[in-house]
Amino acid sequence: MPQTEDSTQLKGQTALATPTEGSGEEQAKGQARRILVTGGCGFIGSHLIDRLIGAGHRVLCVDNLVTGTKQNVEHLFGHPSFEYLYHDVTDPLDVEVDEIYHLACPASPVKYQIDPIQTMKTLVMGAINILDLAKRLDCKVLQASTSEVYGDPEQHPQSESYCGNVNPLGPRACYDEGKRCAETLFMDYHRQHGVQVKIARIFNTYGPRMSFDDGRVVSSFVLQALQKEDITIFGDGSQTRSFCYVDDMVTALVLLMESEASVAGPVNLGMPAENTVAELAQMILTKLGSPSKLVFHPLPVDDPRKRLPDISLARQTLGWAPQVPLDLGLDRTAAFYRDRLTDVA
Ligand code: NAD
């Protein structure tokens with residue numbers, strides 16, 4: 001059994017917030033669970049943990065810190081409902097939990113292409129290890145899949161029935177094909193072993209705690225604008241993306257986990273509205289009153305030209321649609337980066 005680094009061991013490393021145990025709604029209703037979040041020190045995982053602990057659950061955060069950072073969860077060190085375990089999901093994991101959110105995997109192209117073999121191992125071996133754990137524990141397990149399973153889509157918008165257009169040989173394949181293989185494994189464990197799986201196809205999500213150097217458009221543009229550097233656009237900026245604020249995404253993940261047993265997914269989760277990358281850059285420049293200039297670089301190999309989720313299934317089965325408009329989400333994101341830049345200055 002691996003050793004957990006609990007709040008007591010980490011106490012004193014940072015200023016600790018210690019909300020009262022048992023104050024959450026779920027706990028009050030007697031439904032508090034012990035929940036494993038893999039990749040919990042990452043961007044989405046850390047927000048998910050905040051939500052789960054706020055609802056009165058206990059959380060075991062597992063991470064190998066390859067792209068995430070303890071800074072994202074440091075406010076929870078000392079909280080009685082939070083435990084952190086340093087662990088690589090490519091190794092088997094033996095813990096006791098009631099429910100699993102499986103998010104562990106570098107998410108940005110810059111990061112997952114640094115060591116593509118390790119990315120593929122994380123996605124495939126990680127899925128097998130986590131599914132074996134869910135099978136042994138007979139518990140629900142949610143896979144953080146991705147819109148990248150659609151590759152450079154020929155169907156627009158993309159619905160769950162679309163099988164995608166992925167280049168299996170290109171530099172993005174370690175992630176795209178790894179996520180596709182993980183979805184296959186989730187469905188096979190479901191059919192062969194009766195594991196209760198939930199597959200979330202997450203589209204572009206943004207917000208506070210995205211890492212500074214992950215090269216994703218929102219974080220890159222906001223940082224470049226705040227630092228009055230050139231805004232780097234790959235291609236001519238006409239490629240589209242949909243941008244979902246992280247609080248909305250966390251709501252969707254929790255609703256999917258709570259959905260009826262018959263809902264295995266996949267379910268598209270994302271903002272059902274498109275912006276070109278150039279529009280996004282201009283919005284950020286205007287919002288921040290930045291003098292930065294737009295500079296254009298060649299488009300990376302296999303970069304998708306457009307991306308837009310059809311979220312009809314999420315609306316029907318989860319009653320979910322994003323609530324935070326891009327304008328407000330960008331304000332919150334920019335405020336976070338401004339604070340972080342002030343901290344390091
Ligand atoms: P992130 O890189 O911020 O978080 C991923 C976390 O997983 C990090 O903390 C990292 O250290 C950890 N990790 C990576 N490999 C690991 C391993 N082998 N063992 C243990 N921990 C490991 O990324 P994110 O944006 O928070 O994404 C979370 C999940 O959501 C990922 O699975 C990603 O593929 C998926 N997703 C994200 C987006 C998005 O727009 N952010 C879109 C689609 C899918």
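Guide: Start with helix H6. It gives the second largest pocket five lining residues, the largest share. A pocket here is an open set of points on a 1 Å grid over the protein atoms alone, where a 1.4 Å probe fits and protein lies on both sides within 12 Å along at least five of seven lines; lining residues have an atom within 4 Å of a point. Helices (H or I, at least four residues) and strands (E, at least two) are DSSP runs, numbered from the N terminus.

This is a predicted model, so local features need pLDDT of at least 70 and side-chain atom pairs need 80 or more, while totals for chains, interfaces and linings use all residues. Residues are numbered from 1 along each chain as its sequence is written, and side-chain values use heavy atoms, without hydrogens or water.

Back to the pocket. Its lining has 15 residues. Nearest its centre lie Tyr162, Cys163, Arg180, Glu183 and Arg201. H6 spans 173–193. Strand E7 spans 197–202.

Next, the ligand. Lys179 has a side-chain N or O atom 2.8 Å from a ligand oxygen. Asp63 places a polar side-chain atom 2.5 Å from an oxygen atom of the ligand. Thr205 uses its backbone instead: an N or O atom there lies 2.8 Å from a ligand oxygen.

Now look at Arg209. It sits in the loop between strand E8 (205–206) and helix H7 (217–226). Its relative accessibility is 16%, so Arg209 counts as buried (under 20% relative accessible area, with a 1.4 Å probe and protein chains only; exposed is over 50%, partly exposed in between). Its side chain makes polar contacts with two others. One is with the side chain of Ser46, at 3.1 Å. Another is with the side chain of Asp50, at 2.9 Å. (A polar contact is a pair of N or O atoms within 3.5 Å; within protein, one must be able to donate a hydrogen and the other to accept it, and residues adjacent in sequence count only through side-chain atoms on both sides.) Setting aside neighbours within four places in sequence, Arg209 has contacts (heavy atoms within 4.5 Å) that include Phe43, His47, Asn72, His75 and Phe336.

Among the buried ones are Val218, Phe221, Val222, Leu223 and Leu226. Ser219, Ser220 and Gln224 are buried too. Lys228 follows H7, and its phi is positive, near 55°.

Move on to Glu99, in strand E5. It is buried, with a relative accessible area of 2%. Arg34 is 65 residues away along the chain, but the C-alpha atoms of Glu99 and Arg34 are 6.9 Å apart. Arg33 joins Glu99 through a side-chain polar contact of 2.9 Å. Beyond neighbours within four places in sequence, Glu99 also touches residues including Ile35, Leu36, Cys139, Lys140, Met257 and Glu258.

Last stop: Thr90. Its loop runs between strand E4 (82–86) and strand E5 (99–102). Thr90 is buried as well, at 12% relative accessible area. Its side chain makes a 2.7 Å polar contact with the side chain of Asp88.
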